[in-house]
Amino acid sequence: MADNTVNLVGNLTRDPELRFTQGGRAVASFGIAVNRRYQVNGEWQEQTSFFNVVAWGTLAENVAASLTKGSRAVVTGRLEQRTYETKEGEKRNVVEVIADEIGPSLRWARAE
């Protein structure tokens, strides 16, 4: 059985955007930047990866009420690929993290 679980720790790149489906289900989306530091020949290098995160239901509402741009967060979820069509009719593919759990990181700050 294949497993598709990701754990990310990073900073929100934008405030969570809370929307509701036509059926009334909450959905929130936000970006997260994850930094990786490593050494090459004794010099520190830094690489940043950017991910789009989507949360549903109560998790979506709680994220929108609790976290803002710049907040350090821990996200656990799964990768999901979807296809959509632009206004110009072009097909695009996107990979998103569908969150199961989201929380503030308490490594360097306290949650209020």
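**Notebook: salt bridges**

I looked up Glu96 to begin with, and at 11% relative accessibility it counts as buried (buried is under 20% relative accessible area, exposed over 50%, partly exposed in between, with a 1.4 Å probe and protein chains only). I'm working from a predicted model, where local features need pLDDT of at least 70, side-chain atom pairs count only at pLDDT 80 or more, and totals for chains, interfaces and linings use all residues. Residues are numbered from 1 along each chain as its sequence is written, and side-chain values use heavy atoms, with hydrogens and water left out.

Which residue forms a salt bridge with Glu96? I found Arg82, with the closest N and O atoms 3.0 Å apart (a salt bridge is a side-chain nitrogen of Lys or Arg within 4 Å of a carboxyl oxygen of Asp or Glu). Arg82 sits in strand E5 (residues 72-85) and Glu96 in strand E6 (residues 91-104), so this pair ties together parts 14 residues apart in sequence. Strands here are DSSP runs of at least two residues (E), numbered from the N terminus. Arg82 itself is partly exposed, at 39% relative accessible area.

Next I checked Arg78. Arg78 bridges to Glu80, and the closest N and O atoms are 3.1 Å apart. Arg78 is partly exposed at 32% relative accessibility, and Glu80 is partly exposed too, at 35%.

Then I went to Arg19. Arg19 pairs with Glu17 in a salt bridge whose closest N and O atoms are 3.8 Å apart. I noted Arg19 as partly exposed at 35% and Glu17 as partly exposed at 44%.

For the tally, I get 4 salt bridges in the structure.

Technical notes. Helix = DSSP H or I, 4+ residues; strand = E, 2+ residues; numbered from the N terminus.
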